[in-house]
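My entries follow in the order of looking.

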Amino acid sequence: MTDPATATTAAPTPTRTTVALADLPSLVGTTFGPSSWRTITQEQVDRFADLTGDHNPIHLDPAYAASTPFGGTIVHGYLTLALVVPLMAEVVEVTGVGTGVNYGLDRLRFPAPVRVGSRIRVTSTLSAVTEVAGGYQAVFENTFEAEGLAKPAAVAVMIVRYYA
């Protein structure tokens, strides 16, 4: 007999919405996700620190980090943000695109720290679509949830340009 306290269940597979580029404006107001959960490991944080040169001990030194208000090492905010592309790809796919590029951010906040070893996921709401030469500019309001936290780990209003 399986002990319910120790049983694990497979996480549901995120539902991916596929939309043709020409139909993107009709989806303004649509929320996509959530994505699957992604665990962020200390090894990933260490590699990100080496790649970026951000060696703040709050990210890398468990003994130091244990004495902070966070109680342990935390994930770089920009590492969390960098995961927006693969996590969004799980929940929304725009077809008929020749090239898609990140155009920028209008707003970015990190309301709650993500402890190393935590799981995060993203939910994206398409808040605006405007025509640009050769395609569309889409604004996605992305909310990163960290498992067990009441506040979002990150909120990012991201602008993406899709060219036919």
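Which residue in β7 does Thr 123 stand opposite? I found Thr 143 opposite Thr 123. I note that this is a predicted model, in which local features need pLDDT of at least 70, side-chain atom pairs count only at pLDDT 80 or more, and totals for chains, interfaces and linings use all residues. I number residues from 1 along each chain as its sequence is written, and side-chain values use heavy atoms, with hydrogens and water left out.

Strands. I take helices (H or I, at least four residues) and strands (E, at least two) as DSSP runs, numbered from the N terminus. I call two strands paired if DSSP finds at least two bridges between them. Strand β6 (residues 119-132) pairs with β2 (residues 31-32) in the antiparallel sense over two bridges, and there Phe 32 stands opposite Ser 124. β3 (residues 38-39) also pairs with β6 in the antiparallel sense over two bridges, with Ile 120 as the bridge partner of Arg 38. β6 and β7 (residues 135-146) run antiparallel and are joined by 12 bridges. I looked at their hairpin, which has two residues between the strands, and Gly 134 there takes a positive phi near 85 degrees.

Ser 35. I located Ser 35 in the loop between β2 and β3. Buried means under 20% relative accessible area, exposed over 50%, and partly exposed in between (1.4 Å probe, protein chains only). Ser 35 counts as buried because its relative accessibility is 4%. Leaving aside neighbours within four places in sequence, I list its contacts (heavy atoms within 4.5 Å) as Pro 14, Leu 87, Glu 90, Val 91, Arg 121 and Val 122.

Salt bridges. I counted four salt bridges, each defined as a side-chain nitrogen of Lys or Arg within 4 Å of a carboxyl oxygen of Asp or Glu. One of them joins the side chains of Glu 93 and Arg 16 (3.8 Å, N to O). Glu 93 lies in strand β4 (residues 92-95) and Arg 16 in the segment before β1, so this pair ties together parts 77 residues apart in sequence. Arg 47 and Glu 43 meet in another (3.9 Å, N to O); they are four residues apart in helix α1 (residues 42-52), and are therefore separated by about one helical turn. Both Arg 47 and Glu 43 are exposed. I also found Arg 121 with Glu 145 (2.8 Å, N to O). Arg 121 lies in β6 and Glu 145 in β7, so the pair ties together parts 24 residues apart in sequence.
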